[in-house]
Amino acid sequence: MNKALDKALFKPASKAYGAVAPGVVATGVDNFANNLSLPGVVVNDLLQFKIGDAFHNTFRFALNSTVGLGGLIDVAGQNKLNARPTDFGETLFVWGVPEGTYVEMPVFGPSTQRDAFGFVVDFAFDPANSLIGKKQRQVGTAAKILKKADDRNKFSGLVESVLYDSEDSYAQSRLLYLQSRRRELHGGIDEQNLEDPYAN
């Protein structure tokens, strides 16, 4: 289903967005969407007891929201205050929750049971929703959708190689996602975390 959706909707929409949105516009939208996600990141920092990261991301949010014109300009990044992203899936990992089985989420693609639950929690309890009004939330949602379109356009070569050029796109997606996510959570990867996509 996700391959059919990509072919019919996501791929053409992302290419159209890339064609009509100049680089500076797409970058501004991406910056705005990233900035809007920071309150949720800070909450997860606190839940993981990463107090330093919580202060870092709070200052980054405050700086970009004011001097950076609501986040359109990544002033913090220009001053070497780079993003330190996290999510509730990582919070569950820190709490010792196992990753569970690999799952392919409709529309959103590769995940695990732990990360899928974390995604739902991050979406449902986004603290940014309590900081802005309804119209601003709609603008934020639109910016996040456009950011996804920009990501799909930027990484079209990789995405299309996995989805359309590999003999088993499901196995390849599973391999890439699990190894990337495990490397991200563990700060590296060893033989125990390697995944054989063709294992029974």
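**Close-up 1. The N-terminal cap of helix H10.** In this predicted model, Asp168 caps the N-terminal end of H10, with a side-chain oxygen placed 3.3 Å from the backbone nitrogen of Tyr170. Just after the helix, Gly187 takes a positive phi of about 75°.

Close-up 2. Among the buried residues of H10 are Leu175, Tyr177, Leu178, Arg181, Arg182 and Leu185. The elements that cover the buried residues of H10 include helix H1 (2-20), helix H6 (88-94), strand S1 (102-105), strand S2 (109-112), helix H7 (113-124) and helix H9 (156-165).

**Close-up 3. The aromatic pair of Phe88 and Trp95.** The count of aromatic pairs comes to five. One of them, formed by Phe88 and Trp95, is edge-to-face, at 5.8 Å centre to centre and with 90° between the planes. Phe88 counts as buried because its relative accessibility is 10%, under the cut-off of 20%, whereas Trp95 is partly exposed, at 45%. Together with Phe117, Phe88 and Trp95 form one aromatic cluster.

**Close-up 4. The aromatic pair of Tyr102 and Tyr170.** The ring centres of Tyr102 and Tyr170 are 5.6 Å apart and their planes stand at 80°, so this pair is edge-to-face. The pair links distant parts of the chain, since Tyr102 belongs to strand S1 and Tyr170 to helix H10, 68 residues apart. Tyr102 is buried, with a relative accessible area of 11%, whereas Tyr170 is partly exposed, with a relative accessible area of 44%.

How values were computed
Residues are numbered from 1 along each chain as its sequence is written. This is a predicted model: local features need pLDDT of at least 70, side-chain atom pairs count only at pLDDT 80 or more; totals for chains, interfaces and linings use all residues. Side-chain values use heavy atoms; hydrogens and water are left out. Buried means under 20% relative accessible area, exposed over 50%, partly exposed in between (1.4 Å probe, protein chains only). Helices (H or I, at least four residues) and strands (E, at least two) are DSSP runs, numbered from the N terminus. Contact means heavy atoms within 4.5 Å. A polar contact is a pair of N or O atoms within 3.5 Å; within protein, one must be able to donate a hydrogen and the other to accept it, and residues adjacent in sequence count only if both atoms are side-chain atoms. Rings of Phe, Tyr and Trp (its six-membered ring) pair if their centres lie within 6.5 Å; planes under 30 degrees apart count as stacked, over 60 as edge-to-face and the rest as tilted.
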